[in-house]
There are 2 protein chains.
Amino acid sequence: MMDDVFSYLEKNFSADLEAVRTFLRQPSISYTSQGIAETAELVRSMIADLGGAAQIIPTPGHPLVYGRLDEGADRTLLYYSMYDVMPADEPGWSVDPFAAEIVDLPKYGSSIVARGAVNTKGPTAAFFRALKAYKAVRGKLPVNLIFIVEGEEEMGSRHFNEFVPTHKHLFAGAEAAIFPFFAQDEGLQTFMWLGTKGLLYFELTARGGEWGGPRSRGIHGCFAGWVHNPVWRLVQALATMVGPGDRILVQGLADGAIDLSKSDRQAMADCADLYNERDFLDAYDVKRLKWPGQGVAVWEKLFSQPTLNIDGIWGGYTGPETKTLVPHQASTKMDVRLVPRMEPDAVVAAIRKHLDDHGFSDVEMKVLNKYHWSKVSIEEPVVQAMLQTYQQLGRRVQVQPLNPGSAPYWIFERVLGIPYISGGLGHGSRQHSSDEYCTVQGLLDFEKSMVQFLDNYPRIAAAAGQNASR
Amino acid sequence: MMDDVFSYLEKNFSADLEAVRTFLRQPSISYTSQGIAETAELVRSMIADLGGAAQIIPTPGHPLVYGRLDEGADRTLLYYSMYDVMPADEPGWSVDPFAAEIVDLPKYGSSIVARGAVNTKGPTAAFFRALKAYKAVRGKLPVNLIFIVEGEEEMGSRHFNEFVPTHKHLFAGAEAAIFPFFAQDEGLQTFMWLGTKGLLYFELTARGGEWGGPRSRGIHGCFAGWVHNPVWRLVQALATMVGPGDRILVQGLADGAIDLSKSDRQAMADCADLYNERDFLDAYDVKRLKWPGQGVAVWEKLFSQPTLNIDGIWGGYTGPETKTLVPHQASTKMDVRLVPRMEPDAVVAAIRKHLDDHGFSDVEMKVLNKYHWSKVSIEEPVVQAMLQTYQQLGRRVQVQPLNPGSAPYWIFERVLGIPYISGGLGHGSRQHSSDEYCTVQGLLDFEKSMVQFLDNYPRIAAAAGQNASR
């Protein structure tokens with residue numbers, strides 16, 4: 001049914017590939033602001049290029065790109081994405097992270113290796129090319145689109161999260177939201193998330209104070225016999241929070257595991273056989289998981305339990321050789337991934353209470369970011385449109401009850417009151433790490449899946465008896 | 001008896017002060033090699049300027065400066081010091097650390113604030129000026145001197161420690177060693193050490209491996225639900241080593257506390273009333289010690305117990321904002337201060353065994369440095385010469401059984417078989433920290449104490465019935 005557009009995409013793919021690479025070559029690092037303004041303008045021009053009305057909206061942080069593309073259709077979808085990427089300063093890059101070189105990867109063949117290849121400038125650029133192809137072949141899209149593309153997702157979407165609730169009128173008429181993404185895993189299995197975990201990101205700091213320890217600077221290590229050490233204090237506080245085997249010991253968090261719903265279990269059970277532990281272990285260079293094995297039980301661990309992770313730790317002398325020091329402070333960056341029914345503020349209170357109850361009221365907790373969890377029903381037309389897309393393109397789908405990561409989908413669910421789906425064919429990995437990549441073949445598959453999805457949506461929404469927004 | 005030399009020192013003090021400041025303005029950072037060659041040459045020229053034969057001896061690291069000054073005396077002392085300093089890259093410097101500015105400190109008055117002011121370029125330069133004054137007034141020194149000045153003390157004296165055992169002939173004839181130093185504490189009390197603790201400096205590293213965890217790079221934090229975290233592993237290993245209240249739990253180290261000898265206790269008891277906790281707390285900006293109180297019990301804690309200190313800790317993401325990550329490794333730098341009878345290699349074995357016994361055989365231990373402990377008897381003429389110096393200059397002395405820090409004195413005791421003393425009047429502090437300083441008045445007091453000590457030594461050694469070396 002989409003053969004005309006698919007054929008156009010295949011014929012013009014080399015131009016699309018170059019367009020994606022060009023977009024990846026423009027750095028857009030939200031932490032340093034490098035290339036943010038230039039990239040926002042590129043996104044604005046991609047919307048304008050489709051005939052849409054687009055604008056760059058300043059925020060106290062990085063700007064949002066907002067646009068509308070009225071195709072005279074009955075139904076309107078909200079396109080959400082981000083134009084920022086993580087820094088690329090970690091060691092281990094085998095190529096320039098902003099050269100968008102094509103590398104022949106042993107397992108995946110031709111791939112673009114670049115910061116943002118998968119998260120998320122690769123899919124973003126390819127999505128716009130897919131829209132362009134659809135219009136080139138058929139004249140207009142089957143849906144109207146509202147675009148919102150943020151530049152602070154890697155910093156926690158803070159201004160996006162503030163903007164939407166105070167500007168709901170800009171999103172009026174959108175029936176559902178879509179976040180296009182490469183949804184094939186390391187074994188090229190296609191997966192789909194029916195929601196996302198929430199996130200609490202915070203720092204703990206132990207510093208010298210009334211309890212002891214040097215307060216304003218590190219002091220000579222010989223005084224360890226007299227002076228308490230804030231690094232030991234932090235270690236001891238942390239050791240009360242997570243026990244051997246990574247068991248969480250914080251009340252209100254340890255007891256946060258949920259029972260998955262019958263419908264979630266059913267969806268998972270269908271696809272547990274698509275999980276291949278070996279693919280995961282190879283992709284991430286891990287020898288052993290916390291829960292080795294196969295099947296639905298392993299998946300349940302990922303989706304039903306909160307995690308309490310240390311992202312980083314630092315304090316004292318960390319240079320070359322040997323400097324002896326009783327440091328004056330030590331800190332960790334930590335995150336909790338929240339399963340449904342677990343709200344960030346309650347977890348903040350639980351951790352604070354845990355520290356206080358264990359005698360660590362001096363250990364400071366600074367919250368850097370919060371995301372609510374979110375769920376969407378598999379029955380929603382926008383979800384069904386994506387599921388059917390995969391089936392039409394010959395893929396079985398591993399339906400997962402939650403994204404184990406975090407995304408600001410709660411904005412759609414709780415603020416705008418609309419369902420959402422993320423996805424698309426295509427594969428990339430090593431996001432937030434060196435040698436991030438996406439496969440070249442996946443880009444074409446992604447484009448096809450996007451045009452198929454857009455074609456599916458109005459039909460499925462109508463069949464579900466859902467009134468059109470206009 | 002030394003009035004002639006004291007008067008000369010007072011008259012010429014402004015020139016000596018400038019000489020000390022000039023020496024401090026020459027950086028000599030062993031970690032970065034900055035100014036090492038230039039400073040070695042300055043030390044060589046200071047020996048030559050006295051009429052000594054001096055040379056710069058290369059090592060696989062930074063060079064040693066060696067010299068001999070034959071004054072035709074009956075007795076010979078070995079002068080040991082270092083010309084290197086710590087880096088000055090820590091925050092908190094209120095002046096350029098290599099400008100040697102004179103600052104009026106609230107508690108101490110005119111002081112030189114500079115890296116090396118106390119540790120140890122201030123005393124080193126002033127010692128040479130004192131020798132020069134002695135010779136100017138009296139024609140020659142009362143002892144011959146052998147000089148050995150190393151450039152890697154802050155890196156653990158590794159090549160000095162290798163050089164002396166293989167070049168004992170260069171030190172033949174030395175009856176005792178002296179390490180001149182400002183021995184007045186924050187309350188300007190004069191202290192003396194009858195030995196030094198030993199040191200074991202090592203790194204522990206937890207990294208992903210057979211036990212789990214990412215092996216080659218950090219991975220996205222959302223996988224904390226499946227993948228073990230090396231930072232948690234390190235925290236849990238550390239938590240088995242030191243318990244609440246900083247109690248050491250490592251067998252072979254926890255049981256390492258010694259009973260001080262009767263003579264050490266006697267020496268301490270005499271002077272426990274000279275300890276003022278308030279002075280220490282103010283100087284180091286600490287609100288509470290591990291063992292608050294006064295008297296000999298507090299001192300005993302410092303000298304009779306080993307310490308297990310964390311100098312620094314690092315792993316994962318430590319930059320701004322929020323990056324979620326399961327890191328692939330985490331490390332600590334740690335030191336053990338060894339009391340007598342506790343040898344570094346035995347402690348390495350004890351820590352390794354502890355980690356293995358607690359299931360952390362994957363946690364890697366890398367030894368960076370070892371110093372043996374060392375003791376010297378209060379009866380030694382070189383010690384008595386310093387004690388009498390302090391008394392002659394009107395000071396009570398707090399005799400401490402050990403230096404709570406570490407120094408390579410075991411080289412004198414175990415390798416050369418000679419006693420040693422460190423000391424001199426004068427005050428400075430904040431070594432290894434920002435705004436290191438020494439007082440201007442202390443420099444003059446130091447010079448006087450050094451000439452008095454040199455004058456005392458031959459007389460006391462003779463009175464003790466000790467044969468002269470020539």
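In helix H3 of chain B, the buried residues are B:Ile36, B:Thr39, B:Ala40, B:Leu42, B:Val43, B:Arg44, B:Met46 and B:Ile47. The model is predicted. An α-helix has 3.6 residues a turn, so residues three or four places apart point the same way. The cover over the buried residues of H3(B) includes helix H2 (13–25) and helix H4 (121–138) of chain B. Strands of chain B contribute to this cover as well, including E1 (53–57), E2 (64–69) and E6 (144–150). H3(B) comprises 14 residues, 36–49. At 1.5 Å a residue it should span 20 Å, and its end C-alpha atoms are 20 Å apart, so expectation and model agree. B:Gly51 follows H3(B) and has a positive phi, near 100 degrees.

The largest nonpolar core contains 107 residues. Within this core, B:Phe147 and B:Tyr420 have the most contacts. Helix H13 (residues 440–463) of chain B supplies the largest share of the core, nine residues. Neighbours within four places in sequence aside, B:Phe147 is in contact with B:Ile47, B:Gly52, B:Ala54, B:Val65, B:Tyr66, B:Gly67 and B:Tyr79. One of these partners, B:Ile47, is among the buried residues of H3(B). Another core, of 106 residues, lies apart from the largest one. Its members include A:Ile112, A:Leu145, A:Tyr284 and A:Leu302.

Chain A superposes on chain B by a rotation of 180 degrees, with 0.1 Å of shift along the axis and an RMSD of 0.1 Å. The two copies are therefore related as by a two-fold rotation axis. A:Trp314 is the residue of chain A that comes closest to the axis, with its C-alpha at 2.2 Å. Both copies use the same surface: 100% of the contact residues of chain A recur in chain B.

The contact draws 79 residues from chain A and 79 residues from chain B. On the chain A side, several elements each supply at least two residues, among them helix H6 (230–239), helix H9 (296–304), strand E15 (329–338) and strand E16 (364–371). Strand E13 (307–316) of chain A gives the most, with nine residues. By class, the side of chain A that touches chain B has 35 nonpolar, 29 polar and 15 charged residues. Strand pairing also crosses between the chains. E13(A) and strand E13 (residues 307–316) of chain B pair in the antiparallel sense over five bridges. Here A:Gly312 stands opposite B:Gly316.

Within chain A, four strands form an open sheet in the order E4-E5-E22-E21, with antiparallel pairing. Strands of a sheet pair through backbone hydrogen bonds, either parallel or antiparallel. The edge strands are E4 (101–105) and E21 (428–429) of chain A, each of which pairs on one side only. Two bridges join E21(A) to strand E22 (residues 437–439) of chain A. A:Gly428 has A:Cys438 of E22(A) as its bridge partner.

A parallel pairing involves strand E7 (residues 176–180) of chain A, which is joined to E20(A) by four bridges. A:Phe179 has A:Ser422 in E20(A) as its bridge partner. Strand E20 (residues 420–423) of chain A is covered on both faces. A:Tyr420 and A:Ser422 are buried on one side. A:Ile421 and A:Gly423 are buried on the other.

Technical notes. Residues are numbered from 1 along each chain as its sequence is written. Chains are lettered from A and ligands numbered from 1 in the order in which they are written. This is a predicted model: local features need pLDDT of at least 70, side-chain atom pairs count only at pLDDT 80 or more; totals for chains, interfaces and linings use all residues. A nonpolar core is a set of buried Ala, Val, Leu, Ile, Met, Phe, Trp, Tyr and Cys residues joined through C-beta atoms within 7 Å. A residue is buried if 20 or more other C-beta atoms lie within 10 Å of its own, exposed if 12 or fewer, and partly exposed in between; C-beta atoms are placed from the backbone. Two residues are in contact if their C-beta atoms, placed from the backbone, lie within 7 Å. The expected span of a helix is 1.5 Å times one less than its number of residues. Copies are superposed by least squares on the C-alpha atoms of residues with pLDDT of at least 70 in both. Ala, Val, Leu, Ile, Met, Phe, Trp, Tyr, Cys and Pro count as nonpolar, Asp, Glu, Lys and Arg as charged, and the others, Gly among them, as polar. Two strands pair if DSSP finds at least two bridges between them.
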